[in-house]
Amino acid sequence: MAKFQYSLQSILEIKTKLETRAKQEFAKAQGLLAEEEQKLKELEKRRQMYEEKTRSLLQGVLNVREIEENKTAILVVEGYIAEQTVRVEHAREQVERAREEMTRAMRERKTHETLRDQEFEEFLQEENKS
């Protein structure tokens, strides 16, 4: 009995490697997104802490300098939050691009596997005839 040899095996191997690389890139992009989202949460907690401090400063004896410093800190943190929000959105876009690339690579690999399976079926039919 003859041995089956897929004519496009090298291409299938390349497609499999490309799919693996795309999956790694997708995982990396998801990790970066998680980091950026965590930074944003920490900044929002910091802003909340400053807002609570503002409420406590407005009770009892008023210290105008501390109130102003706290107000400035809130404004600075809000600026950081705005910047971080942009970073999070950029990371989300990278995740989506990586997902699309991974999906494309998977589709191409599956296409070549289907072709290989069809070629194998034809090979088996030829072997059965002879």
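Which polar contact joins the side chains of Thr54 and Asn70? One of 2.3 Å does, where a polar contact is a pair of N or O atoms within 3.5 Å, one able to donate a hydrogen and the other to accept it, with residues adjacent in sequence counting only if both atoms are side-chain atoms. This is a predicted model, in which local features need pLDDT of at least 70, side-chain atom pairs count only at pLDDT 80 or more, and totals for chains, interfaces and linings use all residues. Residues are numbered from 1 along each chain as its sequence is written, and side-chain values use heavy atoms, leaving out hydrogens and water.

**Overall shape**
- The protein chain holds 2 helices and 0 strands, taken as DSSP runs (H or I, at least four residues; E, at least two) numbered from the N terminus.
- Its C-alpha atoms fill a box of roughly 100 × 20 × 15 Å along the principal axes.
- Of its 130 residues, 24% count as buried, meaning under 20% relative accessible area with a 1.4 Å probe, protein chains only.

**Helix α2**
- Helix α2 covers residues 64–129 and spans 96 Å from first C-alpha to last, close to the expected 98 Å (1.5 Å times one less than its number of residues).

**Around Thr54**
- Thr54 belongs to helix α1, residues 9–57.
- Leaving aside residues up to four places away in sequence, Thr54 touches Asn70 and Ile74 (heavy atoms within 4.5 Å).
- Thr54 and Asn70 sit 16 residues apart in sequence, with 6.6 Å between their C-alpha atoms.

Definitions and conventions
Buried means under 20% relative accessible area, exposed over 50%, partly exposed in between (1.4 Å probe, protein chains only).
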